[in-house]
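Subject: Structure handover

Hello,

Here is the structure I said I would pass on. My notes on it follow below.

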Amino acid sequence: MKIHIKHMVSLRCIIVVKDALNTTGIAFKQVHLGEVELLEKNLFDLKKEELKNILAECGLELMQEKKITTVEKIKTSVIEMIHYSDELPKIKLSIYLSKKLNLNYTYLSNLFKEVTGMTIQHYIVLHKIEKAKELILYNELTLNEITHQLQYSSVAHLSNQFKLITGFTPTHFKKVKTYKTRVLLEKI
């Protein structure tokens, strides 16, 4: 049985969820961002409620509605792809998400827009810009390397989207080292 958890966006969240599962005595096989594979086929209401309360204390939410669960899977896939993989997939992101979630992209796109009010593409751009901010602040890569890593067609394209989202050019952002403009992943 699989359960889905909202706002799981970091490796620390995985640790928190594992601790919550151990505290409640719920046996699990694996914990991934946004998803837990349980060993049990059914989760008793009492244990489910206890887990829900522990997760809520940590800012996480046990999800139950199918639409919201699917949207969270999309969000988790985007976060994993942009923030936790070494490089973005070489295929179109729509094909990547479709294959990863085993659902038609048009359905995913319409559902995401219905639930969040924004397109998947805009959500991806927000995360790419957040990743660009992180890479700029680390000061380990040139803007050309960041452009290549995030699969932008040119530095100008990245710079235009960066300024549109942040109000800064990447160069100005780097000069002022404005850490305050970083956004928590679960807030995107």
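The second largest pocket has a volume of about 220 Å³. A pocket here is found on a 1 Å grid over the protein atoms alone, as an open set of points where a 1.4 Å probe fits, with protein on both sides within 12 Å along at least five of seven lines. Points are joined across faces, edges and corners, and the volume is the space filled by probe spheres set on them.

Before the rest, the conventions. This is a predicted model, in which local features need pLDDT of at least 70 and side-chain atom pairs count only at pLDDT 80 or more, while totals for chains, interfaces and linings use all residues. Residues are numbered from 1 along each chain as its sequence is written, and side-chain values use heavy atoms, with hydrogens and water left out.

Back to the pocket. Its lining (residues with an atom within 4 Å of a point) has 13 residues, and E35, K73, S77, K100 and L101 lie nearest the centre. Helix α3 contributes the most, six residues; α3 and α4 (93-101) each supply at least two. By class the lining has five charged residues, six polar and two nonpolar. Asp, Glu, Lys and Arg count as charged, Ala, Val, Leu, Ile, Met, Phe, Trp, Tyr, Cys and Pro as nonpolar, and the others, Gly among them, as polar.

Helices (H or I, at least four residues) and strands (E, at least two) are DSSP runs, numbered from the N terminus. Helix α3 covers residues 66-83 and reaches 25 Å from its first C-alpha to its last, close to the expected 26 Å, which is 1.5 Å times one less than its number of residues. Buried means under 20% relative accessible area, exposed over 50%, and partly exposed in between (1.4 Å probe, protein chains only).

Strand β1 (residues 2-6) has four of its five residues buried. Strands pair if DSSP finds at least two bridges between them. β1 runs antiparallel to β3 (residues 35-38), with three bridges, and I3 stands opposite V36. Three bridges also join β1 to β4 (residues 61-63), again antiparallel, where I5 has L62 as its bridge partner.

Lastly, the cysteines. With a disulfide taken as a pair of cysteine sulfur atoms within 2.5 Å, the count is zero. The sulfur of C13 is 9.0 Å from that of C58, the nearest cysteine sulfur, too far for a bond. C13 is buried at 13% relative accessible area, whereas C58 is partly exposed at 44%.

Regards
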